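Colleague: I have a structure open and would like to go through it with you. Can we start with the rings and then move on to the rest?

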Amino acid sequence: MLAFIRLVLLILFIVASSVIGLLICLVRPFHRDNVGLFSKWYGKASWIIGVEVEIRRSPEIIKAMPCVFVANHQNNYDLFTISGALITGTVTIGKKSLKYIPFFGQLYWLSGNIMIDRNNKSRAVGAMQGAVERIEKDRVSVWVFPEGTRSYGRGLLPFKTGAFHIAQQAGVPIVPICMSQTQGKIKLNRWNNGKVIIEFMPPLQPEDFALPVREVAQQVHQLMADKIAALDSELASDYTAATSAASGKS
């Protein structure tokens, strides 16, 4: 029953937020602040799925913008967890097919996100170049999921190099964003689905990644894999401590 109620609430939220968002986009289509505004809405909806989200971000991240954010991509729940970490003045890069999802797809497009056709290499390259131009012209940051797909519990998948080419060509920092494991830990029929930690790592300045782009991608992949493991370990320790405390009181 709880799962059914949550699904209804999520559907109602997506429809309502999309309609209101589309009305805003009609007034200011492709505005640089649209994505940040709507992402905050979706991040606040994490309560519907019973998740507490903690976002760790130092002030230096804002100072580093515009930049290229690279984040791990786990499952469909990312829409209600990691989206809340997106900073105003940032747009995301997503696949073109998202545009055809009713309500949400149209909002995603009109918000000003960058859409790529992964089945057409020349168009994908053109979209990446468009991202560089957006950074330079509009001073927006770009958010990329470098794995290129959801990992669904398979760990941090190998990175594609597009995000790193964008940062290199635009001459802006790379900021890794790590989210603790959520795959298999969120169940809609369970009231409390625990805590998720999202942590921004220190910016990597252009001079820090003068190596070939593929090597930079591998280095950032290792940094993020280590951080995600540390976040998972922290949450596991917190859970063990809380369980022990509860047992001691009973």
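**Aromatic pairs and the rest**

Modeller: Searching the whole structure gives eleven aromatic pairs. Rings of Phe, Tyr and Trp (its six-membered ring) pair if their centres lie within 6.5 Å; planes under 30 degrees apart count as stacked, over 60 as edge-to-face and the rest as tilted. One of them joins phenylalanine 30 and tryptophan 109, edge-to-face, at 5.7 Å centre to centre with 75 degrees between the planes. That pair links distant parts of the chain, 79 residues apart: phenylalanine 30 is in the loop between H1 and H2, and tryptophan 109 is in helix H4. Helices (H or I, at least four residues) and strands (E, at least two) are DSSP runs, numbered from the N terminus.

Colleague: Before we go on, what kind of model is this?

Modeller: This is a predicted model, in which local features need pLDDT of at least 70 and side-chain atom pairs count only at pLDDT 80 or more, while totals for chains, interfaces and linings use all residues. Residues are numbered from 1 along each chain as its sequence is written, and side-chain values use heavy atoms, with hydrogens and water left out.

Colleague: Back to the pair. How does phenylalanine 30 count in terms of accessibility?

Modeller: Phenylalanine 30 counts as partly exposed, at 43% relative accessibility. Tryptophan 109 is also partly exposed, with a relative accessible area of 36%. Buried means under 20% relative accessible area, exposed over 50%, and partly exposed in between (1.4 Å probe, protein chains only).

Colleague: What does tyrosine 42 pair with?

Modeller: Tyrosine 42 pairs with phenylalanine 104, edge-to-face, at 6.1 Å centre to centre and 70 degrees between the planes. Tyrosine 42 lies in helix H2 and phenylalanine 104 in helix H4, so this pair ties together parts that are 62 residues apart in sequence. Tyrosine 42 is buried at 3%, and phenylalanine 104 is buried at 17%.

Colleague: Which residues form one aromatic cluster?

Modeller: Phe13, Tyr42, Phe80, Phe104 and Tyr108 do.

Colleague: And what lies over the face of tryptophan 109?

Modeller: Lysine 99 does, at 5.4 Å from the ring centre. Arginine 57 lies over the face of phenylalanine 200, at 5.5 Å from the ring centre. The rule is that NZ of Lys or CZ of Arg is within 6 Å of the ring centre and within 35 degrees of the ring normal.

Colleague: New topic. How many residues does H1 have?

Modeller: Helix H1 covers residues 2-27 and has 26 residues. Its first and last C-alpha are 38 Å apart, close to the 38 Å expected at 1.5 Å a residue; the expected span is 1.5 Å times one less than the number of residues. Its buried residues include Phe13, Leu10 and Cys25.

Colleague: What do the buried residues of H1 pack against?

Modeller: Helix H2 (34-44) and helix H4 (104-110), where contact means heavy atoms within 4.5 Å.

Colleague: Is E7 mostly covered or open?

Modeller: Strand E7 (residues 195-200) is mostly covered, with five of its six residues buried.

Colleague: How many disulfides are there?

Modeller: The count is zero, where a disulfide is a pair of cysteine sulfur atoms within 2.5 Å. Cysteine 67 is in none, and the nearest cysteine sulfur, that of cysteine 178, is 14 Å away.
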